[in-house]
Amino acid sequence: MEQVKTVVEMRGITKRFPGIVANDNINLVVKKGEIHALLGENGAGKSTLMNILFGLYQPEEGEILINEKVVQITNPNVANDLGIGMVHQHFMLVEPFTVTENIILGNEPKKGMKIDIESAAKEVAELSKRYKLMVDPMAKIEDISVGMQQRVEILKTLYRGADILIFDEPTAVLTPQEIHELIEILKNLVKEGKTIILITHKLKEIMAVCDKVTIIRRGRVIDSVTVADTNPDDLAAKMVGREVNFKVDKTLATPKEAILSVDKVTALGNRGVNALNQISFDVRAGEILGIAGVDGNGQSELIEALTGLRKVQEGKILLNGKEITNHTPRVISESGLSHIPEDRHKRGLVLDFSMSENMVLETYFYPEFNKGGFLNYDAIDKHAAKLIEEFDVRTPSIHTPARALSGGNQQKAIIAREVNKDPDLLIAAQPTRGLDVGAIEFIHRRLIEQRDKGKAVLLLSLELDEIMNVSDRIAVIYEGQIVGIVDPKQTTEQELGLMMSGGKTIQGGGNG
Amino acid sequence: MNSKIRNIFLADSTLVPLAAILLGLITGAIFMLAGGFDPIKAYGSLLDKVFGTSYGFGETIRQITPLIFTGLSVAFAFRTGLFNIGAEGQFIMGMLASAYVGISFDLPFIIHAPLAIIIGALAGGLWGAIAGYLKAARGVNEVITTIMLNWTALYFANFILNAFLVPQGKQNSEPVKESAIITIGWLSDMFDNARLHWGTLLALIAAVVFYILLWKTKTGFELRAVGLNPHASEYAGMNVNKNVMNAMFIGGLFAGIGGACETLGVFHYMSIMSAMPGYGMDGIAVALIGGNTPIGVVLGAILFGILSFGASGMKFGAGVPVELIRVVIASVIFFVAAHGIVRYFIKPLLARQKEES
Amino acid sequence: MKKVFSVLSVAALSLSLVLTGCGSKAPEQGQGGQANAGGGQAAAPTAKIGMVTDVGGVNDNSFNQSAWEGLQKLQKDTGLPEDNVKYLQSTGDADYIPNLTQFVKDGWDLTWGIGFLMGDHVKKVAEENPDAKLAIIDSVVEAPNVASVLFKENEGAFLVGVVAGSMTKTNKIGFVGGIDIPVIKRFEAGFTAGVKAVKPDAQVMIVYTGAFDKPDLGKSTASQMYGSGADIVFHAAGSTGDGVFNEAKDRKSKGENVWVIGVDKDQSLTFGKEITLTSMMKRVDEAVERVSKDVMEGKWDSIKGKTINLGLAENGVGLPETSKDTVPEDVLKVVEDYKQKIIKGEIKVPEEPTK
């Protein structure tokens, strides 16, 4: 039993980036047929290590052994030839192409001068049957769900003959149901003789599927343990470097008057059909209202309608009793609304701006930063330095471009900026998506802190745990309507799940 | 001091364009050898044409000046995420408007010349803003509209010239009034009658304004934000459409001033054009070589000006056809655009630099 | 800030190097130039003669090319070193003055500006360099050190008009002009007069395309003319005229009996005898050769500041030899008669179209 072959061995890997040592003398041993987790906070160096294994980066020191032979992985093609495949967090698919076309891209079977699509489709169908990865080979990528797209990515690596599959945060973009299915897929892959390396910071998943786990913190290996011999608390402590509190500590809410009133609002989605359907609810001062729902039921459109980024067709939105329906984003922002956007790269930050500039993205025109059209960069820098210190954003300097920061630190910076505006209403959309436990804890604490200061907080999340833990009231959204508002202490995941799928409506729930 | 200079020239962003220029010159030399010409003699006579006489040097500065303006125009729009192919048309509109003011008005120099330049600038700016408006209001790709507006400007200018400014049976308009001329007489005399004018100074000032506007002002903050991430800018409450128009307007201003200075400083008249002057198109290459930074644009314009003015020197001194110098210029652009290839060539150099640091 | 400073200091350093370089070299050259100019008059075989083309370039199938051929012939005939005749091509308006100045500053014995477009520029360079010798084709420059060469295009055009008038079957004839400028007007006037002289009832269609460099425009204009019944089209439109030839070729291959009358050079050599009826040759080559020779032989003083008009009598315009293959002998005879009458002054060809 102990004589299982070692398929991947990385010895003394060191990789430096300007101002930071991403990997510091890292050792990693992965045996054949195991699911090996790489656990660590954002920015710990997990992805860097795997990018080295996949040939995207070259290490400054150290060596890599595949099947006990020293290899030089100079680019991803070499990795492919060695049987290493990678499923990236952000999928690399051509949207208007079909599943089959995407899978064979760059590796097309030819019949004369023509691409032999039929035999390719047959092969794809066979692969997906063998590994229980059900997809329609002829469906277009833009028409299938995120979970399906991930399967296409997995099939892509299998089609190229990968035996070692690297998954980079595979569950970050999936719904609970899809996560469940992915776990089954991973088990199947191992059964078929594949070896899997899983980059993650979600302890639940590790406990559910992994055999071994290597914990990385700040570029160094802290420990490598067998999952059966450990527990979530221990792993979390090793990952963060201190004890972590999973329970969100909070007192009972003392809600007061309504800050935000949404009254029968209807808005079109991107495809021209109603994404919001006469939706109504209130958020009161001193409470956190959580909005639960399956992705694509109008959450994004709701936030955009509230923040002035999407046109409202019918209905009224009141902030502090004043109408803000279809006002510009700036007017709404200045009326006392702050917004942590769901996609921090698309909306939240100008990635090529310095941290300092990003911290005044919505306030650069205030008299304290702007005199007669000229910006006072001293004041801006001071402002940024203060916020970065206060919110513990880890950045080499305030002049570092936002792009260079880890996801968690980017999110902290956005929260610092939004909270600093001292809003009456804070909208937090998926504020912890893709973040590690340390950052999640920090962000939840900040949201509750705002509530305790008497602010209204609207939390949208696809993670039921988060909604259940943080909210004072939970509104369930389904097909652009609130189908019920419940008390988190008096409900169960099952009940919420039923409501989220349209199976149950609580009448008159709007009053909470 | 010495090591600092060295650092500047060894920085990646400096090294790559320099290597690209060198590779371009070598490629040109290969073509010349293939055509039976002596490349060393050719490049020698190019330099001789440019630096050999004070007249040639002065005329090179004359050649460089409009390229700075159009380079800034393209670079400015690019910083805002827009691809301004229309510097050519904006340049022509600047020429036309300043010619009109210069010919038709009679004012003291202190008012007349600045007025002609300002009107020329506005004409270029508004011409750019048309493309900006179409992009903002109708979502029409600015590449397409600016290309079309170039032709519109060319024929519109020819029409106006024919109808109002050019006497019957002539190719050139009436000369602009003495009071609108911005040629610097004493400097021209110093450079043996080379056509030197205040526009060169304006071009350098424009490069400084470019920098201050983009990196020191509120407007510049918005323009850069919109260029780098329109979604985040919208989220942050900036008016994306307004900024697109602003960017095209300001870009057009630069090109418009360039056109005005060409009319008022170099020609003192405007002629009916059978083809575009070409400064706008070269401006794209200048912006590219200069990495869309103001200093880079000035340096890129200098390079371009030297190559294109020195081209006739190559013909004169070494018999190399003018077409070949375009091959050299094209090669330089090619190598600048294809960083990857250049990096491959200078890899050993970069590696050594890393070791030293 | 420091970075900027060091860049500037480097720039300043190189600039000062350059400036001192100029300063020491410029006077030397000036002296050399003068010495050369003086020597040029005395010893003819060492003369240096340059020409500057307009934007059409040296391969324009028209007057630029013709001028260059003249200089090349001169070089061969007089045994000048090959490097002693040179041309510089202009890519835009801005190039004219530097190109002319290049020759002048380098002390060349004569510098040609080819074409009407260069008039103002030749004048400016002449004024700035009173010791230089310049000459220009197709334009009159009022300066003591410039020789201006004009052609009596109307006389030559009259003769091709006679050919067209004698040979048309449809009684409809076309004239395609480039830009509406005096030179081209002389073509129109002479041509129309020539046609009317032999066939008073013939109709001449006149179109100005507004460009010398738009073959597509020439083609569509010619298409209209042939389409409305013309069987002979005369063009005086530079490379716009290439389009006229293309259209004629297309129609000829479909069996239509159409002709083109070329301009400036013997265009049957370029476009073929099947469509080129004849050409109104403007002997720019002869003119360039003649005036250049005068300078070499020390006769500059007799032509400087003057305007030289070249007509039929001076052999400055006329029909090419090759026309005898396409034009019947009796027509050529008529042409010859008219030529003699014009030379003798019995017929005065108008310079401007009668309205």
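**A tour of chains A and C**

Start in chain A and select its open sheet, where six strands run in the order S6-S9-S10-S3-S11-S12 with mixed pairing. At the edges sit strand S6 (84-87) and strand S12 (220-226) of chain A, each of which pairs on one side only. From one strand to the next, the twist averages 20°. Keep in mind throughout that this is a predicted model.

Then select residues 46-53 of chain A, helix H1. Helix H1 of chain A lies across strand S3 (35-39), S6, S9, strand S10 (195-200) and strand S11 (212-217) of chain A. Its direction is at about 150° to S10(A).

Zoom out to the domains of chain A. Where they meet, twelve residues of domain 1 of chain A are in contact with 13 residues of domain 2 of chain A. About 1100 Å² is buried between these domains of chain A, and carbon and sulfur atoms give 50% of that area.

Stay in chain A and go to A:Asp422, in the loop between helix H14 (407-420) and strand S21 (425-429) of chain A. The phi of A:Asp422 is near 55°, a positive value in a residue other than glycine. Most residues other than glycine have a negative phi. Is A:Asp422 buried or partly exposed? With a relative accessible area of 47%, A:Asp422 is partly exposed.

Move to chain C, which has twelve helices and twelve strands. Of its 355 residues, 54% are buried. The accessible surface of chain C is about 14900 Å², and 53% of it belongs to carbon and sulfur atoms. Among contacts in chain C with a separation of 6 or more, 70% come from residues 24 or more positions apart.

Finish at C:Asp138, in the loop between strand S4 (134-137) and strand S5 (146-151) of chain C. Here too phi is positive in a residue other than glycine, near 75° for C:Asp138. C:Asp138 has a relative accessible area of 7% and is buried.

Note on methods. Residues are numbered from 1 along each chain as its sequence is written. Chains are lettered from A and ligands numbered from 1 in the order in which they are written. This is a predicted model: local features need pLDDT of at least 70, side-chain atom pairs count only at pLDDT 80 or more; totals for chains, interfaces and linings use all residues. Side-chain values use heavy atoms; hydrogens and water are left out. Helices (H or I, at least four residues) and strands (E, at least two) are DSSP runs, numbered from the N terminus. Buried means under 20% relative accessible area, exposed over 50%, partly exposed in between (1.4 Å probe, protein chains only). Contact means heavy atoms within 4.5 Å. Accessible areas come from the Shrake-Rupley method with a 1.4 Å probe; for residues, only the protein chains shown count as cover. Two strands pair if DSSP finds at least two bridges between them. Axes are lines fitted to C-alpha atoms, for helices over the stretch in contact, and angles run from 0 to 180 degrees between N-to-C directions. Buried area is the accessible area (1.4 Å probe) that two parts lose on being put together, summed over both.
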